[in-house]
Amino acid sequence: MTVFIIRRLLQALLVVFMMSVIVFFGVNIVGDPVYMLVSPDADQADIEAAISRLGLDRPILEQYWLFLKGAAQGDLGDSFIFGEPALRLILHHMPATMELAFSALILAIVIGIPLGLYAGLYPESRMAKGIMAASIFGFSLPTFWVGLMLIMLFAVELRWVPATGRGDLGSFLSIQSSLFTLDGLSHIFLPALNLALLKISLAIRLTRAGVREAMGLDYVKYARAKGLPMRRIILVHVMKNIMIPVVTVMGLEFGSLIGFSVVTETIFAWPGMGKLLIDAILQLDRPVVVAYLMIIVLFFVLINLIVDILYSILDPRVRLQDQGA
Amino acid sequence: MSDVTTDNALSAGEPPVVETPFQRFRAEFFESRIATAALGVFGAIVLLAVLAPWITPQNPYDLAQVSVMDGRLPPGSEAFDGYTMWLGSDGSGRDLYSAILYGLRISLTVGLASGVIALLIGMAIGLVAAYAGGRIEAIIMRIVDLQLSFPASLVALMMVAALGKGVDKIILALVIAQWAYYARTVRATALVERGKEYVEAAQCLGISRFRIVFRHILPNCMAPLIVVGTVQTASAISLEATLSFLGVGLPQTEPSIGVLIANGFEYMLSGRYWISVFPGVALLLTVVSINLVGDHLRDVLNPRLKK
């Protein structure tokens, strides 16, 4: 077991290192950030001063070495545009993204599971077929296009909720979030729904499959034979069994919600990390781009590592296979 | 003798007894009305995109043909040059119908090119993994697993952040984001095929490994590859549109559907919906029709569902 974890850890480290090479060298080849920073009427001396201030006059390998040395000490470089440490900038934008992803996850569970339950219980009904058709659309429609339509319908035509921004922040247990004010809630509704759509479809499909499988099992037949009302069988016995895998998968999707939030945040001008990344790419703010990508890679590698370890504890076959290889 | 029987069968109006696999496939595919309609829609879209220079009233990127006077006209307005703009015009006075058809050319080219290249690369890698086995297979599949643990959209976004804008760079980013799906599919199918008797027979005949892999195993892996290929191509088109919408995909000089939607976004809040919505509908029809065809192909080509 320990050997397994150590091997996985080493692999994770290798992935993070390889990604740092790809990202750092890739990002540092694109464009010339200096011309984004100096004023248009700057002379050659100003430009050269800016280049050496940003450390861009050094050989790329030396820049990478300095980056690695900094990264090992938790310093991912300073933003070219804001002059602040890139890491601090990203951490500052992280709560907004987390709150959006969290709301989307809750929406997906609250909307997706009941619909999936219905579709699983009455698979031949018209409503169930409608739900399944809608879930196909949920999978194949591009997120950004759905976001545009949501803005057009709810914000421009109906004027129910605002289209952009984060709204007022409320404070609860010293956590700042727009989930604690009415204005904030009205702002988060559309982006959260937009981000949740794909996961709602996923929750519908998982729940439906689980329910259809469970309804034919012995424990359900036994409960019916015992004379329990259907309501109780479904809500207590069936739900208890299918909720565990559904919620586990949905939890694992949290990482991809944070990844996808790049699109949603840009459309709804949500001031999170994703919007920061797109702005940084457009302004050639290299340290912020590199720092964001490294944080995301680290995030995914950690999630995968935890999943791998959990699975190997739960399922002995995984462990055996790894020792054999 | 056999000629006579065939003639008799035909004159009696009976269906021919012998059916090639392709004929059966075609018959089963067209059984589904939705899939047939989707294929029709996709065919029409491709045709419109190919014929764009001959069937549009203007070349939207020829400055001599575009008039700023026509800017932001609602659908059905008459253009300065006299023709009707059925879908309205965008901020710089381009006829949207023309712009959409020209945009489809770019979107489809990028989607199909990246789909085909990713398919070829993924196929080669997957075949190597399946046939080589051992350490090589373990290493390749570990890389594939690793990559598939990241969402494709995120990988593509990382790649464009590292590569920059441009048609070639987007195609490269999409190929990097998608090859692993093909590799996994081919390897899984090829592993099953490798254990079959015809491969053993070919090996006994002393046919070279190269020939066995490419002439004997590969053709039998085509069915799942085609299914994955359609779905991945749809997702490549959608990804390109997303990246271009975010401003990190194609530049303004290569106005794909995604760029058109992004350009219309700023007019949306002021109620000029058509500049964004019509290109969006075109994108939607393309992606959904490919997905519906792919979904049905999966059913038709799945041997376990054979009647």
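In which helix of chain B is Ser244(B) found? Ser244(B) belongs to α10, which covers residues 222–246 of chain B. The views below come from a predicted model.

**View 1. Ser244(B) and its surroundings.** Ser244(B) has a relative accessibility of 3%. It therefore counts as buried, since the cut-off is under 20%. Setting aside neighbours within four places in sequence, Ser244(B) is in contact with Gly249(B), Leu250(B), Ser256(B), Gly258(B), Val259(B) and Ala262(B).

**View 2. The contact between chain A and chain B.** Chain A brings 39 residues to the contact, and chain B brings 36 residues. Together the two chains bury about 3200 Å². Carbon and sulfur atoms give 83% of that area. Three residues stand out on chain A: Phe144(A), Trp145(A) and Leu148(A). They supply 19% of the area that chain A buries against chain B, more than any other three residues.

**View 3. Polar and charged links across the interface.** How many salt bridges does the rule find between chain A and chain B? The number is 0. Polar contact joins 1 residue pair between the chains, with both residues at pLDDT 80 or more.

**View 4. The side of chain A that touches chain B.** Several helices of chain A each supply at least two residues to this side. They are α1 (2–27), α6 (126–140), α7 (143–157), α11 (254–267), α12 (273–282) and α13 (286–314). The largest share, 8 residues, comes from α13(A). Sorted by class, this side of chain A holds 30 nonpolar, 7 polar and 2 charged residues.

Note on methods: Residues are numbered from 1 along each chain as its sequence is written. Chains are lettered from A and ligands numbered from 1 in the order in which they are written. This is a predicted model: local features need pLDDT of at least 70, side-chain atom pairs count only at pLDDT 80 or more; totals for chains, interfaces and linings use all residues. Side-chain values use heavy atoms; hydrogens and water are left out. Contact means heavy atoms within 4.5 Å. Buried area is the accessible area (1.4 Å probe) that two parts lose on being put together, summed over both. A salt bridge is a side-chain nitrogen of Lys or Arg within 4 Å of a carboxyl oxygen of Asp or Glu. A polar contact is a pair of N or O atoms within 3.5 Å; within protein, one must be able to donate a hydrogen and the other to accept it, and residues adjacent in sequence count only if both atoms are side-chain atoms. Helices (H or I, at least four residues) and strands (E, at least two) are DSSP runs, numbered from the N terminus. Ala, Val, Leu, Ile, Met, Phe, Trp, Tyr, Cys and Pro count as nonpolar, Asp, Glu, Lys and Arg as charged, and the others, Gly among them, as polar. Buried means under 20% relative accessible area, exposed over 50%, partly exposed in between (1.4 Å probe, protein chains only).
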